[in-house]
Amino acid sequence: MKILMVSMPCLHFFRWAEQLQDSGHEIYWFDVTDGGKKVKRIHWVNQIVGWKFRWNYPGRTFIKINFPRLYDFIQRFNERDIKKIFERHLLEIQPEVVHSFALYISCTPILQVMNKNQNIKWIYSSWGSDLYDLQNHSKYLIDIQNVLKRVDYLFTDCIRDYKIAQQHGFENDFLGVLPGGGGYHLSEMEAKIKAKEIRSTILIKGFQGKWGRAINVLKALEGIKDKLNLYTIVVFGADNKVVSFCENSELSKWMNFSVLCRVTQDEVFNLMAKSFLLIGNSVSDGMPNTMLEAMCMKVFPIQSNPGGVTQELIKDGFNGFLIEDTEDVEGISQIILRALNDSELIKKGIVHNSLNIIPNLDYDIVKKKVLQSYLSVLQDN
């Protein structure tokens, strides 16, 4: 089967695509944001890149950063029409299936083309805040509803988003709830864990921005400073707002506190191998990938619960803690203290996750389900 995948270049997409290597399917990738270069990691995929600019002129990035209005004016003439380019490749390849990852990045730009080609099956994988947050904005809701009327198949990373899709017009085939980036190589992750090492690190996901609320976690930590002397605190994946907050707060003076900005997935796993708590706080998300990774690395999660998504896996106070109010700094402080004061709960929660949740995230198990799903699409007439 020919499968034309439509996505931005990102780790989750690459990991998903890797499940299809040597599957017998002929895989194409349309880089919807067009980074302009082929990706070695998925070298076996037929990659459609370098389509966006008529002229990738010298100094383009400099102008984009320093003269955004001028850049936007130039790009009106310099950028090719994505619909025309995608349709040309669609007709050349003649795939049985188009698979789009993330609604606004990879579905909306090609909706008009897919509506013209109703004979081609269309799969949509919901990621992150695709449906949960953006359904609340009238402009985006129209796009959501139009896409959901056209797509034939749906993957989600949580039950919540399947229900939202149904509410907004999706009536076709649901392919299941699976991690957005595929499964995890559990044996490789296990090898990073040193069984006898005492874990003393509190790991914090450092996103602020539109949906992240890492700064409220940092404020919560400031309020319980005297309880944290025995622990190492690491913020990872910190954005500019989080870095600025840390530099201008008392945290910058703490000897046991550090901030990391860009980190590779392997570096994150190495940090998790030393950690006993992971804290993630956001007002909108799908099933948090970092939380799943932490559970695989035997880390106890403290995680926000937008729309009830996290409670699909976590029973509050049993195998993790739920942050129900992302803005409640004092409440977050109390949750952290509960975790610090109950080591037995942490141990039992990690055992539960190891026996009941982690096995379902195994790479080979997820891959088998993914390949079965594609086979069902092929056989569906």
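## Contacts around Met-114

Contact here means heavy atoms within 4.5 Å. In this predicted model, Met-114 is in contact with Phe-86, Leu-90, Val-98, Ile-120, Lys-121, Trp-122 and Arg-150, leaving aside its neighbours within four places in sequence. Met-114 lies in helix H6, which spans residues 111–116.

Buried means under 20% relative accessible area. Met-114 has a relative accessibility of 0% and therefore counts as buried. Its C-alpha atom is separated by 45 Å from that of Leu-218, a residue 104 places away along the chain.

## Overall architecture

The secondary structure of the chain consists of 16 helices and 13 strands. With a radius of gyration of 22 Å, close to the 21 Å that the globule rule gives for 381 residues, the chain is as compact as a globular protein of that length. Along the principal axes, the C-alpha atoms fill a box of roughly 65 × 50 × 40 Å.

Of the 381 residues, 54% count as buried. Among contacts between residues at least 6 apart in sequence, 67% join residues at least 24 apart.

## Surface and charge

The accessible surface of the chain comes to about 18,300 Å², and carbon and sulfur atoms account for 51% of that area.

## Nonpolar cores

In soluble globular proteins, nonpolar side chains tend to be buried together. The largest nonpolar core of this model has 37 residues. Those with the most contacts inside this core are Ile-202, Ile-204, Leu-218, Leu-228, Leu-277, Ile-302 and Ile-336. Leaving aside neighbours within four places in sequence, Leu-228 is in contact with Ile-202, Leu-221, Ile-233, Trp-254, Asn-256 and Leu-340.

## Lys-2 and strand S1

Lys-2 is placed in strand S1, which covers residues 2–7. Its relative accessible area is 25%, so Lys-2 is partly exposed. Leaving aside neighbours within four places in sequence, Lys-2 is in contact with Glu-26, Tyr-28, Ile-93, Gln-94, Pro-95, Glu-96 and Val-97.

The C-alpha atoms of Lys-2 and His-12 are separated by 21 Å, the two residues being 10 apart along the chain.

## Residues with positive phi

Most residues other than glycine have a negative phi. Asp-22 has a positive value, near 60°. This residue is found in the loop between helix H1 (11–18) and strand S2 (26–31). Asp-22 is exposed because its relative accessible area is 76%, the cut-off for this class being over 50%.

Lys-298 also has a positive phi, near 65°. The loop that holds Lys-298 lies between helix H13 (289–296) and strand S12 (300–304). Lys-298 has a relative accessible area of 23% and is therefore partly exposed.

## Lys-139 in helix H7

Lys-139 is found in helix H7, made up of residues 138–150. At 62% relative accessibility, Lys-139 counts as exposed. Its C-alpha atom and that of Ile-164, 25 residues apart along the chain, are separated by 17 Å.

Note on methods:
Residues numbered from 1 in each chain as written. Predicted model: local features only at pLDDT ≥ 70, side-chain atom pairs only at ≥ 80, totals over all residues. Heavy atoms only, no water. Helix = DSSP H or I, 4+ residues; strand = E, 2+ residues; numbered from the N terminus. Rg over C-alpha atoms; globule rule 2.2 N^0.38 Å. Buried < 20%, exposed > 50% of the residue type's maximum accessible area, 1.4 Å probe, protein only. Areas by Shrake-Rupley, 256 points an atom, 1.4 Å probe, with all protein chains shown as cover. Core = buried A, V, L, I, M, F, W, Y, C linked by side-chain atoms within 4.5 Å.
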